[in-house]
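Q: Can you walk me through this one? I'd like to go region by region.

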Amino acid sequence: MTEGWETKAFTVSALTGEGVSHIWKVIQKYKQVTSRNGFFGKRRKEQMIDWVHSMIEDQLKARFYGNPSMKKNITKMEGLLLNGHTSLTLAVQQLFNIYDENG
């Protein structure tokens, strides 16, 4: 829900162009209203923080899974887990310990 804005549905066709000019006016009005009441700037700041966390998560995943040593150890832990020689929690903890040592 956006403070100061009533959400409505519109029919627009990119194929025929029908309703495009009207929806563009609605978008401009939305930006005007939400900029005036501070919601637009607040939401933009929240999005930037969300993007920072998303980019960090992407980098962490890429580094963790892309590390050749980790690939080998992940496969090994998966085998131990599936054969009942370790628990899920212990396998994850051991993988992070290995990553922290070799990072």
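**Loops, helices and charges**

Q: Thr 86 to start with: buried or exposed?
A: Thr 86 is buried, at a relative accessible area of 13%. Buried stands for under 20% relative accessible area, exposed for over 50%, and partly exposed for what falls in between (1.4 Å probe, protein chains only).

Q: What am I looking at, and how is it numbered?
A: It is a predicted model, in which local features need pLDDT of at least 70 and side-chain atom pairs count only at pLDDT 80 or more, while totals for chains, interfaces and linings use all residues. Residues are numbered from 1 along each chain as its sequence is written, and side-chain values use heavy atoms, with hydrogens and water left out.

Q: OK. Where does Thr 86 lie?
A: Thr 86 is in the loop between H3 and H4. Helices here are DSSP runs (H or I, at least four residues), as are strands (E, at least two), numbered from the N terminus.

Q: And which residues is Thr 86 in contact with?
A: Neighbours within four places in sequence aside, Thr 86 is in contact with Met 77, Leu 80, Leu 81, Ala 91 and Gln 94. Contact is taken as heavy atoms within 4.5 Å.

Q: How far apart are Thr 86 and Glu 57?
A: Their C-alpha atoms are separated by 26 Å, and the two are 29 residues apart along the chain.

Q: What about Ser 87, where does that lie?
A: Ser 87 is also a residue of the loop between H3 and H4. Ser 87 is partly exposed, with a relative accessible area of 36%.

Q: Gly 84: buried or exposed?
A: Gly 84 counts as exposed, at 60% relative accessibility. Gly 84 belongs to the loop between H3 and H4. Gly 84 and Thr 11 are 56 Å apart, C-alpha to C-alpha, and 73 residues apart in sequence.

Q: Next topic, H4. How many residues has it?
A: H4 has 15 residues, 88–102. From first C-alpha to last it reaches 21 Å, close to the 21 Å expected at 1.5 Å a residue. The expected span is 1.5 Å times one less than the number of residues.

Q: Which residues of H4 are buried?
A: Ala 91, Leu 95, Ile 98 and Tyr 99. Down the axis of H4, these buried residues fall within an arc of 100°, so they line one face of the helix. The arc is that of the directions from the helix axis to the C-beta atoms.

Q: What covers them, and what is on the other side?
A: The cover includes helix H2 (39–66) and helix H3 (68–82). On the other side of H4, Thr 89, Asp 100 and Glu 101 are exposed.

Q: Which residues make the nonpolar surface patch?
A: Leu 81, Leu 88, Val 92 and Phe 96 make a patch of about 340 Å². H4 gives the largest share, three residues, while Leu 81 has its place in helix H3. Leu 81 is partly exposed, at a relative accessible area of 32%. Patch residues have over 30% relative accessible area and no salt bridge; like charges are joined within 9 Å, nonpolar side chains (Val, Leu, Ile, Met, Phe, Trp, Tyr) within 5 Å. Areas come from the Shrake-Rupley method with a 1.4 Å probe, and for residues only the protein chains shown count as cover.

Q: Switching to H1. Which residues are buried there?
A: Val 26, Val 33 and Thr 34 are buried in H1. These residues cover an arc of only 90° around the axis, which puts them on the same side of H1. They pack against H2. Ser 21, Lys 25 and Arg 36, on the other side of H1, are exposed.

Q: What follows H1?
A: Gly 38, whose phi is positive, near 90°.

Q: Last topic: how many salt bridges does the structure hold?
A: Two. A salt bridge here is a side-chain nitrogen of Lys or Arg within 4 Å of a carboxyl oxygen of Asp or Glu. Glu 46 meets Lys 42 at 3.9 Å, N to O, and Arg 43 meets Glu 46 at 3.4 Å, N to O.

Q: How many residues apart are Glu 46 and Lys 42?
A: Four, about one turn of the helix, and both lie in helix H2. Arg 43 and Glu 46 are three residues apart in H2. An α-helix has 3.6 residues a turn, so residues three or four places apart point the same way.
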